[in-house]
Amino acid sequence: MTELELQLLGLGRELELPVAPDLAPAVLARIEGRPFPWRRAAALAFAVIVVAIGAAFAVPQARTTILRWFHLGGATIERVETLPPAVERSQAGGLGRPLSRGEAERALGYRLELPPLKGGEPRHVYVLGDSLATVILRAYGHRALLSEFSSFGPRLLKKLALDKTVIEPVQVDGREGLWLKGGPHTLRYFNRSLGVQEQTVLIHGNVLLWLDGTLTLRLEGKLTKAQALSIARAVR
Amino acid sequence: MVDRPLDESELVERARRGDLRAWETIVRTHQGIAFRTAYLLSGNAGDAEEAAQDGFVKAYRALGRFRRGAPLRPWLLRIVANEARNRRRSAGRRERLALRAAAEDRPGDAVPSPEAALLAGEERERLLTAVNRLSDDHRDAVACRYFLDLSEEETAAALGVRRGTVKSRLARALERLREELEA
């Protein structure tokens, strides 16, 4: 091999290449032809997150009866009696592809709102499909996920919650929000660009949901309400 | 009795018979190189993800046409790369390749002097600029063969051309690069 060829091999190792996502779940889902109930809605160009919240809840028989509904901007919350099956997930798992902030904003078509970060910019913004952005934060000694998406179109975010879960209306500097506390969560997301992809994962932590203009924001982590609200107020 | 991992031909046979767990293992084995190939050919991470995913779905459905005993990776790369090239044609643009913002220290690396590091960095930038100026055909050949370290056979599969065409494209690309670097 010539010197130039060796230099090119070395250059390949220095290139900025995005981390390869785990393609297997989406590939298998498409091969199996699993039903995608949101496919039509997804064609309207949106991503949907379904978060089910709850803990073990004794019921006479297995069922998922919807008991009550809440709405917040692009989000819907349903109270249910049982959770869907879920798998454990690492915090960065299933969040999408890691991009720089600039790349993410170009892909999403809107400016991300973030709290002041040590070092100025997040190392990665994880983008799922082309609608949902997530940044991993460290605050109050915990890792937390800040996710956001533009709330255009029909319901973008849907949550399921058990009766044991506290769902409390809150205000984030005058903006409407909801605080959800208690029990593990399951997260299901749908990805418009992949023809709607669904995955259910188990999350341990509380969630603050709030609106800012056309954005719906979601902060997830082992945070108290006061801590979550403090972070939310700093998001600009 | 001790379980042993299935080799690739066994996984392919199982996948042919509809064993999705076998195909999952194959996807996880090859998704890294498939995604990087798609990225270098499409020039966009989102397109690369879609191309790689579509490629694995199409490959599964085409397993009946896969020649038994043939190496799987070039066949997969051909399908994924075809998807990536289609997306690039549709988009009509590609992002330029860039170097990592800061080279990461590798264990065992000697620490270069600041001057040597600067010089090496400038040389890499110059070489990358020259690669970015190549025609798409030449750049793709260089990217697959050298940046991804694919074999000539795999490069030919990824580019959808014959091995001889890869050789001639690489020879011309290297010649252009030498001319540019010596200018």
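This is a predicted model: local features need pLDDT of at least 70, side-chain atom pairs count only at pLDDT 80 or more; totals for chains, interfaces and linings use all residues.
**Entry 1: Arg178(B)**

I started with how open Arg178(B) is, and I found it partly exposed, because it has 14 C-beta neighbours inside 10 Å. For my own use I noted the cut-offs: a residue is buried if 20 or more other C-beta atoms lie within 10 Å of its own, exposed if 12 or fewer, and partly exposed in between, with C-beta atoms placed from the backbone. Arg178(B) sits in helix 8 of chain B.

Residues are numbered from 1 along each chain as its sequence is written, while chains are lettered from A and ligands numbered from 1 in the order in which they are written.

**Entry 2: Chain B as a whole**

I looked up the secondary structure of chain B and found eight helices and zero strands. Helices (H or I, at least four residues) and strands (E, at least two) are DSSP runs, numbered from the N terminus. Along the sequence, the pattern of chain B reads α-α-α-α-α-α-α-α. Chain B has 183 residues, and 39% of them count as buried.

Then I turned to contacts, where two residues count if their C-beta atoms, placed from the backbone, lie within 7 Å. Among the contacts in chain B between residues at least 6 apart in sequence, 68% join residues at least 24 apart.

My reminder to myself: two packed helices are described by the angle between their axes and the distance between the axes.

I took helix 7 and helix 8 of chain B to begin with; they pack at an angle of about 95°, with their axes 8 Å apart. The axes are lines fitted to C-alpha atoms, for helices over the stretch in contact, and angles run from 0 to 180 degrees between N-to-C directions. Helix 7 and helix 8 of chain B are therefore roughly perpendicular to each other. The classes are these: under 35 degrees is roughly parallel, over 145 roughly antiparallel, 65 to 115 roughly perpendicular, and the rest oblique. Helix 7 of chain B brings Glu152(B), Glu153(B), Thr155(B), Ala156(B) and Leu159(B) to the contact, and helix 8 of chain B brings Arg163(B), Val166(B) and Lys167(B). I sorted these residues into three nonpolar, one polar and four charged. In this sorting, Ala, Val, Leu, Ile, Met, Phe, Trp, Tyr, Cys and Pro count as nonpolar, Asp, Glu, Lys and Arg as charged, and the others, Gly among them, as polar.

Next I checked helix 2 and helix 3 of chain B, whose axes come within 8 Å and cross at roughly 140°. That makes helix 2 of chain B oblique to helix 3 of chain B. Residues in this contact include Trp23(B) and Phe35(B) of helix 2 of chain B, and Phe56(B) and Tyr60(B) of helix 3 of chain B. By class, the residues of this contact are twelve nonpolar, three polar and two charged.

**Entry 3: Where the chains meet**

I found 34 residues of chain B in contact with 28 residues of chain A. On the chain B side, helix 2 (20–42), helix 3 (45–61), helix 5 (114–133), helix 6 (136–147) and helix 8 (163–182) each supply at least two residues. That side of chain B has 21 nonpolar, four polar and nine charged residues.

**Entry 4: Chain A and its hairpin**

Chain A comes to five helices and 15 strands, and buried residues make up 39% of its 236 residues.

I followed strand 14 (residues 206–212) and strand 15 of chain A, which run antiparallel and are joined by seven bridges. Strands pair if DSSP finds at least two bridges between them. In one bridge, Leu211(A) has Thr216(A) of strand 15 as its partner. The two strands form a hairpin with two residues between them, and Gly213(A) in the turn has a positive phi of about 60°. Strand 15 (residues 215–221) of chain A is mostly covered, with six of its seven residues buried.

Which residue has a phi near 55° in chain A? I found that Tyr140(A) does, a positive value in a residue other than glycine. Tyr140(A) lies in the loop between strand 7 (132–139) and strand 8 (142–150) of chain A.

In chain B, Asp149(B) has a positive phi of about 60° although it is not a glycine. Asp149(B) is placed in the loop between helix 6 and helix 7 (152–159) of chain B, and with 14 other C-beta atoms within 10 Å, Asp149(B) is partly exposed.
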